Amino acid sequence: MTSGWLALILFALLTFLPALSTLPVVDRDEARFVQASRQMVESGDYVDIRFQDEPRHKKPVGIYWLQSAAVLVWGEGPDAPLWVYRLPSILGAVLSVLLLAVVGTPLFGRQVALLGAAVFAAGLVIGGEARIAKTDAALLATILVAQAVLARLYLQRTGGPQIGGRAAAYAFWLAIGAGTLIKGPIGPMVPALTILALIAVDRKADWLRPLWSPWPIIVALVLVLPWFVAITFRSNGAFWLGSVGADLLPKIASGQEGKGAPPGSYLVLMWLTFWPATPLLLLSLQSIWRARTDPATRFCLAWAIPVWLVYEAVPTKLIHYALPVYPALALLAVAHLPAGLAAHSRLLRGLAALAILPGLALGVAVAAFALQQDALPAAGLAGAGLAGALVTTGFAVRSALGSSPWTLAARAALAGAILHAGLISAAARIPALWPTDSAVSVAQEIAAAQGCDHPIVSGWGYGEPSLVWHGGRDTDLFPASASASEVVHLGACQVVVHARESATAPIPLIRGCRPARTITGLVIGAGHWVTLDVLDCQGEP
């Protein structure tokens, strides 16, 4: 492995590792994933997926297997720390960065591929997904394996590097199978839309012939079908009702769980989600359009545009949904940067550099929020990240004005890595963003004072999955309408986390319970603020 590839691995690790172990469990998806994986290890049942006693029939089993494998390899069992459950995500993210370079090398050459991969690695979305135990980073790795195969097959017809037909078919179909096990049809959708777009434009499909080999397809089916058959019988078909009827179709039909947004939302968010590559893409747009008939550019456009349009059309929108598009855009932005800089005047290059401002504004906002919440260590981290990004972007602007494309791309990647590492590390240290962790810390203090090793933790009007992750499978979650007699078990070692209906509502007065602390924080999964009363309910009946 050459020094360039080693440098890319090191850059990805240095970009993704900060805050991996300090970031609290994130509501709501990550908490559900890791708790279900923990229960899978506890039970030894690697077919059914459960969160507490409820079946979790939304996604296939792939990510749960990966997280369970990480826990088993680590050797501490289901009580392994949270960051162990996150290992498949960070490994998937690092692998995705490397695979993007693999995709880009035959398309645009080694230098562009490595720089494009570094610019992508510095982005906010992949940086977040690398640190969270969810599906998307691992899924992206499978997508990029398939795209790497398609890119080489597509370029072969114009004299590009050759790839063995059987090896290509096995790599492609195994990637499709793995992606299907991780997130159902979402993984195969990206290469499928790329293929359809290229066929529509070129009116040729003969370059796909090496993929139609029976044995690779059979092997992929052997990988995928056993679990789908097993879960179908185990759940009496409920898995399909949950994953398709209750999860996938509602997201397509309307904004699910209040996450709806109009078409064009990803384009607006791109100023932050694709930062620091946004200025590079702006400078390269004219050159990309002019080179749209070039096979390498056409391949990336056929990858990015259809997938982007699908996500813009789907009513349910979350910022990580568009992640599979960003690798193609990063390659295009870097590959066409030299021509883009040459085509624009010094003034226009300076104006394009203004696209660095949204990312820096995000840094200012995080630092200001940390100061408002009196989280001084977090404010220091955010300020350090912002200062480092300011210095680096200053040098990047100088490179843009001086028409130095490769230096510009490298400095942009470094600026993004510094800023996002600082901001995510800062966010992990702002207590107001993690009310569950603050409440659990109080519960642990209560238990230690009372000499209780394993207190019962109950949520009353507060049912965030993070509370179950901290309290374990037997954590009781009661609705706000439940009575005190239903919630409180007097004489037991119990801590109740009660959510008020409003910040001005009174603290509930319950015989045998005393208010230990009141916490105000942002429920990230729900997008609203909450006031929690931590009640010490260890009194005598």
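Predicted model: local features only at pLDDT ≥ 70, side-chain atom pairs only at ≥ 80, totals over all residues.
The charged end of Arg-56 sits over the ring of Phe-33, at 4.8 Å from the ring centre.

A pair of aromatic rings is described by the distance of the centres and the angle of the planes. In total, 18 aromatic pairs are present in the structure. One of them joins Trp-227 and Phe-239 in an edge-to-face arrangement, with a centre-to-centre distance of 5.1 Å and an angle of 90° between the planes. Trp-227 belongs to helix α11 (residues 214-234), whereas Phe-239 belongs to helix α12 (residues 238-253), so the pair ties together parts that are 12 residues apart in sequence. Both partners fall below the 20% limit for burial: Trp-227 is buried, at 3% relative accessibility, and Phe-239 is likewise buried, with a relative accessible area of 2%. Elsewhere, one aromatic cluster is formed by Tyr-154, Trp-207, Phe-299 and Trp-303.

The position of Ser-345 was considered separately. Ser-345 is placed in the loop between α17 (337-343) and α18 (346-352). Its relative accessibility of 36% classes Ser-345 as partly exposed, because this value lies between the limits of 20% for buried and 50% for exposed residues. Ser-345 and Leu-467 are separated by 122 residues in sequence, and their C-alpha atoms are 56 Å apart in space.

Conventions
Residues numbered from 1 in each chain as written. Heavy atoms only, no water. Phe/Tyr/Trp six-rings, centres within 6.5 Å; stacked < 30°, edge-to-face > 60°. Helix = DSSP H or I, 4+ residues; strand = E, 2+ residues; numbered from the N terminus. Buried < 20%, exposed > 50% of the residue type's maximum accessible area, 1.4 Å probe, protein only. Lys NZ or Arg CZ within 6 Å of the ring centre and 35° of its normal.
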